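Visitor: I would like to learn how to read a protein model. Could you walk me through one, feature by feature?

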Amino acid sequence: MHLVLDETAMAAAGQGNVLVSRLIHRAHAEPGWYLYAPACALVEADRARPGTAEHLAALPGVTVLDLDLPAALAVAQQQTWSVAHCRHAAQPTPDRPEGAIVATTAPQRWDGQAVRVLDVNA
C-alpha cells in the first residue's frame, strides 16, 4: 500500500487525526505499507501548522520526497506546488505500477485529477 499525504492530511496529523495517525503507524509497523510526504506539501502543511514539517520528517514510517527534476517539471505546469507535487508522487512508477493513493481531508480538491483518493476526515 503506497500512500501520499497531501498538506491537509499532514496538518491533520498534527491535530491528532485518528485516521492519519493509523496510516503513520501502519507505515512504520507493517511491511508493504509506505507513506510519502512530498516536500512541497510539507512546506504548505508547515505554513498552516508550524512544526508539522519537522515532526513528520522525524517519523520513521514517513518518506519525504525531494523536489527532483521530474517533480519540478510537473510543479512548474500547475498553479499550486503542493497539489502538483502530490499528484506527481501518486503517479505510477516502475516500483509502484499502480501508483499511490492520496490521503487528504479535502477530497473535493482532487475531483477531476487522475489520482485515487483516501478521505481521512475523522
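**A guided reading**

Guide: Gladly, and let us start with a helix: the buried residues of H6 are Ser82, Val83, Ala84, His85, Cys86, Arg87, Ala89 and Ala90. Helix H6 covers residues 81-90 and is mostly covered, with eight of its ten residues buried. Please keep in mind that this is a predicted model.

Visitor: What does the buried side of helix H5 look like, and which residues are on it?

Guide: A helix can be read by asking which of its residues are buried and where they point. In H5 (residues 69-76), the buried residues are Ala71, Ala74 and Val75. Viewed down the axis of H5, these buried residues fall within an arc of 100°, so they line one face of the helix. Leu69 and Ala76, on the other side of H5, are exposed.

Visitor: What covers the buried residues of H5?

Guide: The cover includes helix H3 (39-48) and H6, the mostly covered helix that we began with.

Visitor: How should I think about a nonpolar core?

Guide: In soluble globular proteins, nonpolar side chains tend to be buried together. Here, the largest nonpolar core has 34 residues. The residues with the most contacts inside that core are Val4, Leu5, Met10, Val20, Leu23, Ile24 and Leu35.

Visitor: Take one of those. Which residues is Leu23 in contact with, beyond its neighbours within four places in sequence?

Guide: Leu23 is in contact with Leu3, Trp33, Leu35, Ala103, Leu118 and Val120, once those neighbours are left aside. One of these partners, Leu35, is also on the list of residues with the most contacts inside the core.

Visitor: And where does Ala100 sit, and is it buried or exposed?

Guide: Ala100 lies in the loop between H6 and S4. Its relative accessible area is 2%, so Ala100 is buried. Leaving aside neighbours within four places in sequence, Ala100 is in contact with His2, Leu3, Val4, Ala89, Ala90 and Arg116. Of these, Ala89 and Ala90 are among the buried residues of H6. Ala100 and Leu35 are 65 residues apart in sequence, and their C-alpha atoms are 9.2 Å apart in space.

Visitor: Is Thr52 buried or exposed, and which helix is it in?

Guide: Thr52 is found in helix H4 (residues 52-58). With 4% relative accessibility, Thr52 counts as buried, because buried means under 20%. Beyond its neighbours within four places in sequence, Thr52 is in contact with Met10, Ala11, Ala45 and Asp46.

Visitor: Now for charges. How many salt bridges are there in the whole structure?

Guide: A search of the whole structure finds four. One of them joins the side chains of Asp6 and Arg109, at 3.5 Å from N to O. This pair links distant parts of the chain, 103 residues apart: Asp6 is in the loop between strand S1 (2-5) and helix H1 (7-14), and Arg109 is in the loop between strand S4 (101-104) and strand S5 (116-119).

Visitor: Which other salt bridge does Arg109 take part in?

Guide: The side chains of Glu7 and Arg109 also meet in a salt bridge, at 2.7 Å from N to O. Glu7 is in helix H1, 102 residues apart from Arg109. For burial, Asp6 has a relative accessible area of 0% and is buried, Glu7 is buried at 13%, and Arg109 is partly exposed at 28%.

Visitor: What about Glu30 and Arg26?

Guide: Their side chains meet in a salt bridge at 3.2 Å, N to O. Glu30 is partly exposed, with a relative accessible area of 30%, and Arg26 counts as partly exposed at 35%. As for shared partners, salt bridges join Asp6, Glu7 and Arg109 into one network.

Note on methods: Residues numbered from 1 in each chain as written. Predicted model: local features only at pLDDT ≥ 70, side-chain atom pairs only at ≥ 80, totals over all residues. Heavy atoms only, no water. Core = buried A, V, L, I, M, F, W, Y, C linked by side-chain atoms within 4.5 Å. Buried < 20%, exposed > 50% of the residue type's maximum accessible area, 1.4 Å probe, protein only. Contact = heavy atoms within 4.5 Å. Helix = DSSP H or I, 4+ residues; strand = E, 2+ residues; numbered from the N terminus. Arc of directions from axis to C-beta.
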